[in-house]
Amino acid sequence: MSEGRIIRVDMTDQSVSIDPFPEEWHLLGGRALSAKILLAECDATCDPLGPDNVLVVAPGALAGTSAPTSGRISIGGKSPLTGGIKEANAGGNPGQDLMKLGYRAIIVKGQPGDRDKRWALDVTEEGATLKDATEYKGLWNYALIGELAKTYSATASFISIGPAGELELLGASVACTDQEKERHPVRHAGRGGLGAVMGSKCLKYVSVDAAKKPARAPADREAFIAATRTTSKAYLEGPRPMQHGTSTSVGMAQILNTFPYKNRIEGQSPDAETLDGHRIIESFETRGGGMHNCQTGCIVKCSNVVHDEDGNYKTSALEFETLTLLGSNCGLASWEDVADLDRLCDDIGLDTIETGAAIGVYMDSGAMEFGDAEGAKHLMREIAEGSDVGRTIGNGAVATGKRQKHHRVPTVRGQAIPAWDPRPLKATGITYATSPMGADHTAGLVINPGLQPDE
Ligand code: SF4
């Protein structure tokens, strides 16, 4: 394998350098690499939105190779939401493209003196350059990518923030474009407010253009191909549990009492049938859309593409977590309303879990009726506009609970609890209680399918 390189960006003086990748990190990628870099280079006591925080972009160690489903990308930093170390990861193509170019990580430090300007980092085989991107200030993610598509090569992929990140809201996400030719900005590193960290550095987007660069060459080609063939065959000939995506987990979650309803007052929703991802699968026949791979080289294809009733693209991917937090947790009954909210979250650049939890707390406090889908959509637009209530919701469940002086705020270390509920799933509860990342199901998730609702 290539020894690789690291791109270092100092936003204080807008300097960029490219360093060799340290030998001792050779086998690390993604979350492990992000954690190593943060422990080595980030002051744990720093202001998460100040110049001393470090934003890390680190693809998985096998990204850019022909290994299937190996190209996810990790975004790391000190979380402004939890105050601790944080990693959130996403699909899409930037991870694959960075590694094809031999870049093992991007490390962004510092903060520009002029916070009104915006910057973009262009990454190609020739190197990396920072340039003024103030003309894109305030653009929502879809509009941003639409504009960038006019000037960048069709082979470029993008990492970006929407208005929530620019407003440094604590529920802000980092978007990565998927592998479709439209390059939808729909794969989000959602948790922990890392979009706010990117926003605090005034970095609006990163472009990665691998052009026609081939997959990375393995050191032992024959052994590598044999291993990837065995893995792919085993998966494709197996039960393929994710072939219809995470959205079809609703039924199982309902049985297990982990489909939280109305700010987690109940563990089951009376609307599980109409929120179940199988309704989305059924819609493909008449509306189009379908299952796809969000990044090149993925054989799992768990990502759904959702169309509206006129057959036009609406959003991707509408996941179980989103159907739960923005759906049943807010008392909504229609997956179509959740699809609208998912689209708004992707476009504004928000974590659907944190935002759904915040709206659930807001509704539970009496400020809005549970089930008010149009009210929830209006709140989302308020977040993008940065209104007083919008900023509160955009800052997450704890901020919303404080504003509303509400007692029921389901969070751990300042971060909203995901769909998987720690009461029936006690081992998962231990993860939430002990992980330095707070309530995060990606830090360890144990589901016991044998568990019955009354156990
Ligand atoms: S389609 Fe699913 S499994 Fe494949 S890369 Fe995207 S999120 Fe991962």
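A residue counts as buried under 20% relative accessible area, as exposed over 50%, and as partly exposed in between, with a 1.4 Å probe and protein chains only. S247 is at 1% relative accessibility and so is buried.

The model is predicted: local features need pLDDT of at least 70, side-chain atom pairs count only at pLDDT 80 or more, and totals for chains, interfaces and linings use all residues. Residues are numbered from 1 along each chain as its sequence is written, and side-chain values use heavy atoms, without hydrogens and water.

S247 sits in the loop between α6 (221–236) and α7 (250–255); helices are DSSP runs (H or I, at least four residues) and strands are E runs of at least two, numbered from the N terminus. Beyond neighbours within four places in sequence, the contacts of S247 (heavy atoms within 4.5 Å) include E319, F320 and L323.

A pocket is an open set of points on a 1 Å grid over the protein atoms alone, where a 1.4 Å probe fits, with protein on both sides within 12 Å along at least five of seven lines; lining residues have an atom within 4 Å of a point.

| Largest | about 1100 Å³ | R72, N89, R187, T246 and E319 |

The largest pocket has 43 lining residues.

Conventions. Points joined across faces, edges and corners; volume = space filled by probe spheres on them.
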